[in-house]
Amino acid sequence: MPSRDEGRRPREPEPHPLDAVIWRALTGVQESLAEGDERARRYPAAIAPFAATRDTEPASFRSLLALVSGDDGIALFTTEEVKAPSAFSVIRRDSVDQMVLEDAGACAAQLGASIVGLGVADVPEMLALVSVTQPGPFGPRTIELGDYIGIRQRGKLVAMAGERMRLDGFTELSAVCVEPAYRGHGFAVELVRSLVSSITARSEIPFLHVFSSNLAAIALYRKLGFTLRRRMRLAVLARAEAGPSSGHSEPIEKKRKRR
């Protein structure tokens, strides 16, 4: 007699939460910040350019299009390259490594430079530092996403890092940057270690995104105990009427800088 399981297809493994990181963040822990509906969501432009769709159905892309105005650009992280409908112009495509902390011991906090918490009053200085170092998208309300910390030298903010996307059990590290004149002192490492300590104390897993071509940063994060979870695809989209389609235009943070 054939067994009950004979002929059954094996169950598909559950997708990892970080495979749909933006969607999971905007429908979970950070839902209160989300704009959109049940098919497409985004962060407010002043917070971050990131957006996501529930799936790749035409209706979801129509919902996404409704969230894009003027020459505004939105950034998607996906496991496969996005095939955007003709209503969108592709501003940029790139490969991004999604790294997750695996060896917490390698990233244990150590005594070093004095680290200070950063708040709304520090945003002008943070924006000035970002404009010099270009760590990625950072706007006037990005600080609302999580804790941000920095290092000051003679009263001047010279290094910072913080938390960006958050979903159940995971928190992303972002905006890790050091003013060029103060590099080589280990400030970035100290800031990452401090954030990791806070995140793991909440029983959450730290993760981050780094361009696959940024080999120096990847090597540093590996030394700090991060490993590659998977390679993600970045697509920066705008309304088609906002500009010609291109796969290799300027980064979204540079477009924002000129506004």
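Predicted model: local features only at pLDDT ≥ 70, side-chain atom pairs only at ≥ 80, totals over all residues.
Residues are numbered from 1 along each chain as its sequence is written, and side-chain values use heavy atoms, with hydrogens and water left out.

**View 1. Phe 61 meets Phe 88 edge-to-face.** The structure holds five aromatic pairs (ring centres of Phe, Tyr or the six-membered ring of Trp within 6.5 Å; planes under 30 degrees apart are stacked, over 60 edge-to-face, the rest tilted). Here the centres are 6.1 Å apart and the planes stand at 70 degrees, so the pair counts as edge-to-face. Because Phe 61 sits in helix H2 (residues 58-65) and Phe 88 in strand E5 (residues 88-101), the pair ties together parts 27 residues apart in sequence. Helices (H or I, at least four residues) and strands (E, at least two) are DSSP runs, numbered from the N terminus. Both Phe 61 and Phe 88 are buried (under 20% relative accessible area, 1.4 Å probe, protein chains only; exposed is over 50%, partly exposed in between).

**View 2. Tyr 221 pairs with Phe 226.** This is an edge-to-face aromatic pair, with 6.0 Å centre to centre and 70 degrees between the planes. Tyr 221 and Phe 226 are both buried.

**View 3. Three strands form an open sheet.** Their order is E1-E2-E3, with antiparallel pairing (two strands pair if DSSP finds at least two bridges between them). E1 (35-36) and E3 (51-53) each have a single partner strand, so one side of each is left without a neighbour in the sheet. Two bridges join E1 to E2 (residues 40-42) in the antiparallel sense; look for Glu 35, whose bridge partner in E2 is Arg 42.
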